[in-house]
Number of protein chains: 2
Amino acid sequence: MEYTAGGVTAAKGFMAASAAAGIKYENRQDMALVYSQAPAVTAGTFTTNVVKAAPVRWDMELVKTEETARALVFNSGIANAGTGQEGVKINEAMAGAVAEALEVDMRQVLTASTGVIGMQIPLDKFAAGAKALAPALSDTLEAGTRAAKAIMTTDTVSKECAVTFTIGGKTVTLGGMSKGSGMIHPNMATMLALVTTDAAITKEMAQKALSADVKTTFNMISVDRDTSTNDTLILMANGLSEAPVIDREGPEFDTFCRALHMVTETLAKKMAADGEGATKLLTAKVVHAAAKEDAAVLAKSVITSNLVKTAVYGSDANWGRILCALGYSGVSFDPDRVDVTIESSAGSLMLAKNGMATDFSEELATEILSQKEVIVVADMKAGDQEATAWGCDLTYDYVKINGDYRS
Amino acid sequence: MEYTAGGVTAAKGFMAASAAAGIKYENRQDMALVYSQAPAVTAGTFTTNVVKAAPVRWDMELVKTEETARALVFNSGIANAGTGQEGVKINEAMAGAVAEALEVDMRQVLTASTGVIGMQIPLDKFAAGAKALAPALSDTLEAGTRAAKAIMTTDTVSKECAVTFTIGGKTVTLGGMSKGSGMIHPNMATMLALVTTDAAITKEMAQKALSADVKTTFNMISVDRDTSTNDTLILMANGLSEAPVIDREGPEFDTFCRALHMVTETLAKKMAADGEGATKLLTAKVVHAAAKEDAAVLAKSVITSNLVKTAVYGSDANWGRILCALGYSGVSFDPDRVDVTIESSAGSLMLAKNGMATDFSEELATEILSQKEVIVVADMKAGDQEATAWGCDLTYDYVKINGDYRS
């Protein structure tokens, strides 16, 4: 199993196209279409926010009732959340417009929107975009990369990733793309991610793999603790690799899950590193926790603490804030046993041992924290479970970006 | 019942003093002592953080086992949290030093520390400070005000408040002080607050009043969702008003609770308004919720959202973020019924009706949001319960203050 170039068009039979439709901004790529040449088995996970965007409600219904899908259309600029029944109708019309352009049933077309909440998507612009997208579909890696760029909002880099592996002697590819980068605190899914594969897998096993995977990938990242209204992760598997169908647990399913994990973890980390205004990727590893769930809650508490995030931004080895964030996570533990260590390409340094400061070098601590990727390790000494969560620092630019997002 | 001047020395028999002891910084007031001329019935609420500072553990034990207390000594600069058994011993020695200076039993001396986590308090400096404080005690209002200033860390203004009222024909006074202004997300109490009164009340009724009160005051504020290791709220009642003892529920207890609420709500709002880097007080009022607890959770979700807080900073009427924050609070509701209104001294404006944007004036919205105190009202149309929470905007200065707090 190894990484390969590309994203959503890396697997056989997947095509993509992007366009500047002027949904909210002029002269900016803001629509993307991903199409499978064969019906693709589809699984999905979605936001747990009570306020669900119209496309989320549409996709949840389709993923539940339809065995396959042929296409997923994205738009950035407007989220189609907080738009009532009118938003629902516009979303259906959007699926309809794409279905017409692709000559498929509209219930084979998933939708995903991202951007401002509370505005209606101008249907005429979207429909014109859809008409332009269909004939532009291409199976090149570049087409996938352009699609990954078109779904960006405040993202500074596009996120894509792909791996190849073998099932039953056949080479299988699985690739994906995703976008952040604010309102990121996924709960059962993330803000717009699509994974495509030419593996053959049943719907049941695809959903099983996806639902298990998000627990350790997308659900373990946070930019600002704000769980979006639009979080959507879709997996499409079209079987064109001609590998045998995965229809039960076993070595093939495990291989598939590992490939999925390689792609989703990479995408999740890229989203965290590119959080709004972020200058650093902050990784929290909790080891020797009493229970798996404890470890996950503790790790997430560290990466979501505004005080930890600002200290990391300032390269300040304020480990007390890390201990404090562990302490209010809701998990019970003995603070007098906890060790806190920081790591990066500049080295490793234990800041606290058994809940108390070590006599650490402030100079080395600052150097470690000044790198682009910083890891905080909390050793709870309470058991053998561990978990990793990814976030980013909190910076002036986060405030700047979000002080006037709509204009 | 009306507001009166002063804070912790407003009630009869309470004296205060402050000093610059050089605990962490030179030439800065960093110790305060509040002393009651008669033994004072004492109630308290404390942080629920698993990591509890040494003074918190000391006070919890004393409030539980001792009927009364005579003094509460504060220091700012070092929090005495993350300091292990050595910190516990230092804290005891601190209580002992104050007890010796005041010639009282050390179990009559409560302690409260705030500042950096993970450093030990230099006992010699503290003891010298304690020795200077005792003879400087004064019952003037100014002495109380100076004490409120001495406990400040990143606070920009000191917080005090007092009210007078009548019980059994006697004039009773109740006053308090508190400090913020980062790591503020109280859970059962707040970061260092003291309320003093010359009312006569039993310990049981005092604790009952305090525990009920924090639910709608200190527990409803947040600056950064970081629940501190040091949150402490103490109520001391010395009975010197000669009013009849409150020893049961009834009109006198209700009067006492109203007075307590006037002081604690005022202090809580002052803390929120003076949150680190804040330029605005953000109040979220949730009305017509199905349950009281729902209303509180919803209101707190709005004031803790980084995205809502940055939008308020930028005076951006991005109501979708408010709806989104309500949506991920964990409370179930129908988003298509929610109205969102903003209010301030510049007027009132409904931004969303039944979950969808109204055709509001952006100009007026910006003017309303540009004021120092902004209120967001979310009408859930699901019942008759309501709650209010207080927070502040998220600004460049919050990042600046916390990027390098320790230096």
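Predicted model: local features only at pLDDT ≥ 70, side-chain atom pairs only at ≥ 80, totals over all residues.
## Overall shape of chain A

Chain A has 407 residues, and 63% of them count as buried. Its secondary structure comes to 11 helices and 15 strands. The radius of gyration is 22 Å, close to the 22 Å that the globule rule gives for 407 residues, so chain A is as compact as a globular protein of that length.

The C-alpha trace spans about 70 × 50 × 35 Å along its principal axes. Contacts reach across the sequence. Take those in chain A between residues at least 6 apart: 79% of them join residues at least 24 apart.

## Two domains

Chain A splits into domain 1, residues 2-273, and domain 2, residues 281-403. Their C-alpha centres lie 32 Å apart. The contact between them draws 11 residues from domain 1 of chain A and 12 residues from domain 2 of chain A.

What is the make-up of the side of domain 1 that touches domain 2? Six of its residues are nonpolar, three are polar and two are charged.

## Symmetry of the pair

Chain A can be laid on chain B by a turn of 180° and a shift of 0.0 Å along the axis, with an RMSD of 0.0 Å. The two copies are therefore related as by a two-fold rotation axis. In chain A, the C-alpha nearest that axis belongs to A:Tyr396, which sits 2.6 Å from it.

## The interface between chains A and B

In the contact between the chains, 54 residues of chain A meet 55 residues of chain B. Four elements of chain A give two or more residues to its side. They are helix H8 (306-313), helix H9 (319-327), strand E13 (356-357) and helix H11 (396-403).

Which element gives the most to this side of chain A? H9(A) does, with seven residues. By class, the side of chain A that touches chain B has 24 nonpolar, 22 polar and eight charged residues.

Conventions: Residues numbered from 1 in each chain as written. Chains lettered and ligands numbered in written order. Domains from an automatic or database assignment. Contact = placed C-beta atoms within 7 Å. Nonpolar A, V, L, I, M, F, W, Y, C, P; charged D, E, K, R; others polar. Least-squares fit on C-alpha atoms with pLDDT ≥ 70 in both. Rg over C-alpha atoms; globule rule 2.2 N^0.38 Å. Buried ≥ 20, exposed ≤ 12 C-beta atoms within 10 Å, placed from the backbone.
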